[in-house]
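Please find below a note prepared for a colleague who wishes to read this assembly chain by chain. The sequence and the coordinates come before the comments.

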Amino acid sequence: MKKILQLSLGIITSVGGFLEIGSVTTAAQAGAQFGYKLLWAILLGTLCLIFLIEMSGRLAAVSKHTIVDAIRERFGFPFFFFVLLGTVLVAFMVLVAELGGIGFALQILTGIRFPWWALPVSFVVWLLMWKGTFSLIENGASLLGLVTVSFVVAALRLNPDWTSAASGLLPTLPDDDKSKYWFLAVSILGASISPYLTFFYSSGAIEDKWDRTYLPINRVIAAFGMTFGGLLSMAVLIVAALALRPKGIQVETFQQAALMMTTALPKWGFYLFALSMLFACFGAALEISLAISYFFSQGFGWNWSEDVEPSSDARFAFVYTLIIGFAAVPLMFGVDPIKITMMSMALTSATLPLAIVPFLFLMNDPIYLGKHRNGWISNTVVGVVILISFVLAVVSIPLEIMGG
Amino acid sequence: MKRLLFATVILLVSCKPPTPAEQMDAILSWVGSAIVLGNGWLRHTTPDTYTRQTLTLSHDQLRQIGAELLKSPPATIDSTELDGALTRSGTHLARMAQLVEARNSPGFNQVLDSLELDQKALKQLSDKIESSQ
Amino acid sequence: MEVNVELLIGKKVHDADGNKVGRIEEFRVTETDKACTLDAYLIGASALIQRLSAWTLVRPISRALRSSNVYSVYEVPWQDMDLTDPDRPKLRIAKADLRRAR
Amino acid sequence: MHLVRDVLDKKLMDREDCPMGRVGGLVMHVGESGPPRVTHILVGGPTLWMRIHPALGRLSSALGQMWGPRRKEPAKIPWSRVETVGREVKLDVEGKDTGALDWEIWVARHIIEHIPGGGSEEEE
């Protein structure tokens, strides 16, 4: 009975926590500019994420190690440090983008510009980390995040042509604007396969003291939670394709993105979008701050838990305090969150192999996982998707920087 | 190493500023946003401040991109016609922002109608540029 | 003499005649009551794979690539290693006299 | 047992099962006769950076003299204190006495406890 409750809670939290500024912005841009053509990127990214999440939960349940614990132990400090450097830098950029997303949502609601929101928003995020517990953060933020389901409602009300939508699930070449197309594909992959999500998930499994009996639950949460989450991203893309594209609206700014639900849901569309972004980015900001703190604490072997007083895990608390404080700075100077989002999503793709390749090694380690180690399917799916994302990123990021 | 340098040079050469067609798309995107937004405001479903700010933003963007475009207007279209259409829609956008502040819905409605005409004119120009490429 | 084990990892080893042997990757020890004594140094690429516990992943790949490369792993008993200069570990014997583990 | 795979970089737990860092380095005594013996476990700071590059190690010890708990020597735990080597390395010591937790305590005292809600002023 308790496990059924945990199961449904797990699925709900992964659905509520799935969308964030990266997935919304990339899907909205893709839909507005290329119609259904880029749906395949969401499909591919979500498929890979399902495997990664299942793997990180399995590692935690069987070996009682988070991914970061295991990377440090198996590959040693020098290698770990480079993984830390790359991953944390990118995650920090994503955190800036999420805080910016909250600020922008507040800007369109109140009219006060987002740089003014940077400090208060960071403070509230920090305060919740300082005072809150793990389950409050995970469950509270994702329950609020369920408002993002309104994208599905909007998509259904626009009566999409399902056959042409389905044809978007297979990759096709664009007629024009090839560099933008591939750059968007890379950003979508980066937004779907966020490594911080796997760190967060495996740390959560340790905080909740998972053991082998959780393996089936883990599998179901990964499969259903991430599938539903991926459907939300697809809904955003479909809404943008049907509401913005026919009117020639591209999503260059957040203000334009805010119009996407007004066609399907005239009365509440605007406010639903603003609230979706507010809650989704808020939840993501909490998760990323936690994930970065976990990364340091586990890697260096400090005491870490979101459920004890800050003075009992001082360095853990110090890391998120510092990180959230720093993240507010670029926003106060008015750095455009949409630009940061697009760049950080593409960079996520480019740096994926850094954390995921060692992770694949760990998942085949008989010492950690015994008979629960990866089969060839998991290895192949993750390996191939990571390779694709990496190659696309390396090719398209320079093109986008030069061309844009 | 040589190959790498060669590739970089190719990349740098192939990098070019946005084409006139892309600039027209951007302009139409902002005009389109303003129209959707205007309709929303008339139905009282978007807040005043956001509407006004976004209309002002559209106006600024239109002026900026328009000025860039007019520096080297494409030969296939009449540049005075383009200038006229851009100026008219710019004026309408600015006017709409003012009317939101004054909460003058009937007046806003009228200007919105004219903006939709501007959109058609701009769309025709854009199609001409695109077909000539 | 005190030596830092973590700094020996990855150091190139030469034999008594100055021939390259490989890199130190691993140390085999015996734990007895309250003490830990060194048995052997493991040198070579296979020692690295073993240290990363990566055979389950590497073996099928090398088989698929039909690589006939036999990865070398040398097991150097503690008596045969000269650590007078920890930055330049040397063998006291010739490479040919070394025992190949596995 | 293998030193790199099974000991180095493993988490250290003290007598009360409190984490006290990870095995950053191992000191081995090489004598004239008899096999080399592992004598100490090193924790923290300069030991770690030294593994990436000697210059980073020196920088880290120099900075450590200017700021923080200002420990002269890295925390060193005799191997005789090792209870078991398994998923973690379990030690028969009091974490606070080894110096491995100096930074944790310093950050708690000098930063965290000055922020309202940071927790108890005095432990123990």
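The numbered points below take up the chains, their helices and their contacts in turn.

1. The structure is a predicted model. Every remark that follows should be read with that in mind.

2. Overall make-up of chain B. Chain B contains five helices and zero strands, so that its elements, read from the N terminus, run α-α-α-α-α. Of its 133 residues, 35% are buried. Where contacts in chain B link residues at least 6 apart in sequence, 78% of them join residues at least 24 apart.

3. Helix α4 of chain B: length.

4. Helix α4 of chain B: surroundings. The buried residues of α4(B) are B:Leu82, B:Ala85, B:Leu86, B:Ser89, B:His92, B:Leu93, B:Met96, B:Ala97, B:Leu99 and B:Val100. The partners against which they pack are α2 (20–42), α3 (48–71) and α5 (105–132) of chain B. After the helix comes B:Arg103, which has a positive phi, near 50 degrees.

5. Chain B relative to chains C and D. Chain B does not touch chain C, and the nearest C-alpha atoms of the two are 28 Å apart. Chain B does not touch chain D either, the nearest C-alpha atoms of that pair being 27 Å apart.

6. Helices α3 and α9 of chain A. Helix α3(A), residues 39–63, and helix α9(A), residues 178–192, have axes that come within 8 Å and cross at roughly 30 degrees. An angle under 35 degrees counts as roughly parallel, and α3(A) and α9(A) are therefore described in that way. Their crossing is right-handed. On the α3(A) side the contact is made by A:Ala41, A:Ile42, A:Leu44, A:Gly45, A:Thr46 and A:Leu49, and on the α9(A) side by A:Ala185, A:Ile188, A:Leu189 and A:Ser192. Sorted by class, this contact has seven nonpolar, three polar and no charged residues.

7. Helices α13 and α14 of chain A. Helix α13(A), residues 269–300, packs with α14(A) at an angle of about 135 degrees, and the axes are 9 Å apart. That angle makes α13(A) oblique to α14(A). The crossing of α13(A) and α14(A) is right-handed. From α13(A), the residues in the contact are A:Ser289, A:Leu290, A:Ile292, A:Ser293, A:Phe296 and A:Ser297; from α14(A), they are A:Arg315, A:Phe316, A:Val319, A:Tyr320, A:Ile323 and A:Ile324. The classes here are eight nonpolar, three polar and one charged.

8. Contact of chain A with chain D. How many residues of chain A are in contact with chain D? There are 21 of them, and they meet 24 residues of chain D. On chain A, the elements giving two or more residues to this side are α4 (67–110), α5 (114–131) and α14 (314–332). The largest share, six residues, comes from α4(A). The side of chain A that touches chain D comprises ten nonpolar, five polar and six charged residues.

9. Contact of chain D with chain C. Here 20 residues of chain D are in contact with 23 residues of chain C. At least two residues of the chain D side are supplied by each of α1 (3–6), β3 (25–29), β4 (37–43) and α2 (45–52) of chain D. Which element of chain D gives the largest share of this side? That element is β3(D), with five residues. By class, the chain D side divides into 13 nonpolar, four polar and three charged residues.

10. Overall make-up of chain C. Chain C has three helices and eight strands, in the order β-α-β-β-β-α-α-β-β-β-β from the N terminus. Its C-alpha atoms fill a box of roughly 45 × 35 × 20 Å along the principal axes. Of the 102 residues in chain C, 32% count as buried. Among chain C contacts between residues at least 6 apart in sequence, 52% join residues at least 24 apart.

Note on methods. Residues numbered from 1 in each chain as written. Chains lettered and ligands numbered in written order. Predicted model: local features only at pLDDT ≥ 70, side-chain atom pairs only at ≥ 80, totals over all residues. Contact = placed C-beta atoms within 7 Å. Helix = DSSP H or I, 4+ residues; strand = E, 2+ residues; numbered from the N terminus. Nonpolar A, V, L, I, M, F, W, Y, C, P; charged D, E, K, R; others polar. Buried ≥ 20, exposed ≤ 12 C-beta atoms within 10 Å, placed from the backbone. Axes fitted to C-alpha atoms, helices over the stretch in contact; angles between N-to-C directions. Parallel < 35°, antiparallel > 145°, perpendicular 65-115°, else oblique. Left-handed = near helix turned anticlockwise from the far one by under 90°.
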